Amino acid sequence: LKAGDDLLVFNGVDGEWRVSVAEVLKKGVILRAEEQVRPQHHGPDLDLIVAVVKKARVETIVEKAAELGAKRIRLTITQRTNADRIRLDRLDAIAEEAAEQTGRLDVPTVDDPVKLDTILDGWDASRRLMFCDETGGAPVASAVIEPGSWAILIGPEGGFSPEERERLRALPFTTAVSLGPRILRADTAAIAAMTLWQAAVGDWER
Ligand code: SAH
């Protein structure tokens, strides 16, 4: 791009703007705001909580979560997590690029891995938790019916331990769901779960 060229920008707060390149500097550019093209829009209040799995799969999950409308991606460490090294800057870049390609006007945040127990200890009970339990649960379409703030929880390749499952199921904000009779890889499970959630209480009717 050179001085005078137009482009569209967003910052997650002020909507989408058509801007023009005013000046090209060595380490950046100065843009001139021309007009607002779209007002800020906020998607559904959906967090995806996912156990750390292999790097390539975490990257897929972050990209797909951004495309499918998640607002926040929280990485977690469970009892059976074999933590791979996480590069948050890379995940942020993936989330940003995926958000840009969808036309959404915000970028999902990606949080550093935190222990599952810590996440549950600090839970805001006004947010419901769709716990994807590979040992079985209710069908999403009949169990997830209340719109509002939700989180989806996906376990590691090793699955959840019996204690984790027991704790999760006893929490008042949890709905344990099944993703069908086949065990899915964590990345497939995350995509399937977000799709079902979107169809049930998300913004796909728009
Ligand atoms: N090793 C485990 C599978 C873990 S799959 C086993 O063999 O049982 C990784 C995660 O994906 C699970 O913890 C769960 O959150 C989700 N998942 C995969 N298949 C699922 C299913 N059929 N129903 C619900 N959740 C599922």
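This is a predicted model: local features need pLDDT of at least 70, side-chain atom pairs count only at pLDDT 80 or more; totals for chains, interfaces and linings use all residues.

Residues are numbered from 1 along each chain as its sequence is written, and side-chain values use heavy atoms, with hydrogens and water left out.

The ligand is surrounded by 18 residues, the closest being Cys132, Glu134, Glu157, Leu179 and Arg182; a residue is near a molecule if one of its heavy atoms lies within 4 Å of it. By class, this shell has 9 nonpolar, 5 polar and 4 charged residues, where Ala, Val, Leu, Ile, Met, Phe, Trp, Tyr, Cys and Pro count as nonpolar, Asp, Glu, Lys and Arg as charged, and the others, Gly among them, as polar. A backbone N or O atom of cysteine 132 lies 2.7 Å from a ligand oxygen atom, and a backbone N or O atom of glycine 155 lies 3.0 Å from an oxygen atom of the ligand. For leucine 179, a backbone N or O atom lies 2.8 Å from a ligand nitrogen atom. Taken alone, the ligand exposes 560 Å², of which the protein buries 85% (Shrake-Rupley method, 1.4 Å probe).

The lining of the largest cavity consists of Lys55, Val58, Glu59, Arg85, Ile86, Arg87, Arg90 and Leu91 (on a 1 Å grid over the protein atoms alone, a cavity is a set of points where a 1.4 Å probe fits but cannot get out, and lining residues have an atom within 4 Å of a point). By class, 3 of these lining residues are nonpolar, none polar and 5 charged.

Definitions and conventions. A polar contact is a pair of N or O atoms within 3.5 Å; within protein, one must be able to donate a hydrogen and the other to accept it, and residues adjacent in sequence count only if both atoms are side-chain atoms. On a 1 Å grid over the protein atoms alone, a cavity is a set of points where a 1.4 Å probe fits but cannot get out, and a pocket is an open set with protein on both sides within 12 Å along at least five of seven lines; lining residues have an atom within 4 Å of a point.
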